[in-house]
Amino acid sequence: MAFWLIKSEPASFSWDEQVQNDVEPWTGVRNYQARNNLKAMKCGDKALFYHSVTEKRIVGVVEVVKEAYPDPTAEDPRWVCVDVKADGAFVQPITLAEIKAAPTLTEMALLKQSRLSVAPVREEEFAYLTKKGQWEKA
């Protein structure tokens, strides 16, 4: 199993909408590196759900339930999406400021490539963040 972080602006698509929809295609990614990360995702992988722009915090976890396929919102078939399913919220969402302050997370892709919308997360980072956020598995 691999671990990831996926970003969404809550005004465009929020954690609450993810929970309500249960399974949702993760569409709209138009960055080559982020696209390659989507292509690398496998069923069963977990991803931290990050509210970007206004909130800048991790709010929950999703599970990849369908691997990469052509993004129906793109004209070019090279762009892909995956389907993700809500897998539980964080009782204590973790802010970007808290992530930056944690010595354990200094090498996190979120901090090194802050504009990347789909990024890998190391297993130890995922474990630290889900414990700190008090992840309540669905």
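How many nonpolar, polar and charged residues are there in the lining of the largest pocket? Let's look at this predicted model and find out.

## The largest pocket

Sorted by class, the lining holds nine nonpolar, eight polar and six charged residues. That lining is made up of 23 residues, and Lys7, Ser8, Glu9, Ser52 and Ser117 are the ones that lie nearest the pocket centre.

Strand 2 gives the most, with three residues.

## Two sides of helix 5

Now on to helix 5, which spans residues 123-132 and has Glu125, Phe126, Leu129 and Thr130 buried. These four residues sit on the same side of the helix because they cover an arc of only 120° around its axis. Turn to the other side of helix 5 and you will find Glu123 and Lys131, both exposed.

## What covers the buried side

What lies over the buried residues of helix 5? The cover includes strand 1, strand 3 (46-51), strand 4 (57-70), strand 5 (80-95), helix 3 and strand 6 (118-121).

## Just past the helix

One backbone detail is worth a look as you follow the chain onward. Just after helix 5, Gln134 adopts a positive phi of about 55°.

Notes
Residues numbered from 1 in each chain as written. Predicted model: local features only at pLDDT ≥ 70, side-chain atom pairs only at ≥ 80, totals over all residues. Heavy atoms only, no water. 1 Å grid on protein atoms, 1.4 Å probe; cavity = no way out; pocket = protein on both sides within 12 Å on 5 of 7 lines; lining within 4 Å. Nonpolar A, V, L, I, M, F, W, Y, C, P; charged D, E, K, R; others polar. Buried < 20%, exposed > 50% of the residue type's maximum accessible area, 1.4 Å probe, protein only. Arc of directions from axis to C-beta. Contact = heavy atoms within 4.5 Å.
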